[in-house]
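Please open the structure in the viewer and keep the selection tool at hand.

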Amino acid sequence: MEISLHIYLPAEGASVVDAYVERIRRARAAGFARVWTPQLPYEPDLLTALAVAFREVPDIELGSAVLPIQVAHPMLTAQRALTLNLVGGGRFKLGLGVNHPGMSEELWGVPWEKPVRRMSEYLDGLLPLLAGEEASCIGELVTTRGALQIPKAPAPEVFLAAMGSQMLRLGGRRTAGTITWMTGPKTLANHIGPKLRESAAAAGRPDGAVKVVALVPVSVTDDVDGMRAKAAEEFALYGTLPSYRAMLDREGFAGPEDALLAGDEATVSDRIEELRSAGVDECACVPFGDSAETIARTEGLL
């Protein structure tokens, strides 16, 4: 199992991009080979920041975890992803998701019905374009026609934010795998991994064609109760969103704070080993704490 980092775009500072690049540089110096970052709806453009980071920091892979599909047509996403891979020499991984009903409908005015169909039709247009082919698909929700002229751009691996059975089956058939959040070891072992891999096998794909990337909040700390209380507050939203609530309920977690891997070095190492045993291919850790010392201690263990 690989260990990577999942970090956010910096919230403060004179230059978000400069601060992000410095954060990536520190991650690479610490020995991490891959960093994932989400695109939140109110933040600067993630892919622009990634382009600068690719140019400034060599020998590290960067990925979106995840980019919402409702606000970017497949052709635009393909253009941006291929351009990023030109800048980064093939080091970009593209994580996509359908986000949540509230954001889609209230912020963007895009109906959220039929999310699996929307993602399937999105891939119908996106995947040929990433492969250097023409897209010609008329969908119920997403239509893509045309071709791109971006020679010598390697296609990035595409991952889905898939946790429900139908989205997992789609990811297993057509993508590099799934990126999960708020999902514990029992659910990863008994639901996520089997659904994803069974679908890949049924589609005739070889063993190892798909991966489970589990995003996990991690805190190496002596104040476990304090960190759990902080997690309950900061992650409260995820206990109300249906897709994440379903994963918490499936695991038997009372709330998002139960998804936090917290404790001393030995305890956290044991919890991470549970994920390896659950069939997770990559643990993308979100360092969590209330001080720079806690974050440094956490990243030191990772």
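**The whole chain**

Begin by selecting the charged side chains: the 29 positive and 39 negative charges of the protein have mean positions 7 Å apart. Here Lys and Arg count as positive and Asp and Glu as negative, while His and the chain ends are not counted; each charge is placed at NZ of Lys, CZ of Arg, CG of Asp or CD of Glu.

The model is predicted: local features need pLDDT of at least 70 and side-chain atom pairs count only at pLDDT 80 or more, whereas totals for chains, interfaces and linings use all residues. Residues are numbered from 1 along each chain as its sequence is written, and side-chain values use heavy atoms, with hydrogens and water left out.

Next, display the chain as a cartoon. The protein contains eleven helices and eleven strands, which are DSSP runs numbered from the N terminus (helices H or I, at least four residues; strands E, at least two). Its radius of gyration is 19 Å, close to the 19 Å that the globule rule gives for 302 residues, so the protein is as compact as a globular protein of that length. This radius is taken over C-alpha atoms, and the rule is 2.2 Å times the number of residues to the power 0.38. Along the principal axes, the C-alpha atoms fill a box of roughly 55 × 40 × 40 Å.

Of the 302 residues, 49% count as buried (buried is under 20% relative accessible area, exposed over 50%, partly exposed in between, with a 1.4 Å probe and protein chains only). Among contacts (heavy atoms within 4.5 Å) between residues at least 6 apart in sequence, 73% join residues at least 24 apart.

**Helix α11**

Select residues 292-301, which form helix α11; its buried residues are Thr294, Thr298 and Glu299. Seen down the axis of α11, these buried residues fall within an arc of 130°, so they line one face of the helix; the arc is that of the directions from the helix axis to the C-beta atoms. Ala292, Glu293 and Gly300 are exposed on the other side.

Thr298 has 0% relative accessibility and counts as buried.

**Helix α5**

Move to Leu127, in helix α5 (residues 115-130). Leu127 counts as partly exposed, at 22% relative accessibility. Apart from neighbours within four places in sequence, Leu127 is in contact with Val158 and Arg174.

**Backbone details**

Select Ala65 and Val66: the peptide bond from Ala65 to Val66 is cis, with omega near 0°. Val66 belongs to strand β3 (residues 61-68).

Now select Lys152, in the loop between β6 (144-146) and β7 (157-160). Lys152 is not a glycine, yet has a positive phi of about 65°. Is Lys152 buried or exposed? Lys152 is exposed, with a relative accessible area of 82%.

End at Met182, in the loop between β8 (177-181) and α7 (185-202). Met182 also is not a glycine and has a positive phi, of about 60°. Met182 counts as buried, at 1% relative accessibility.
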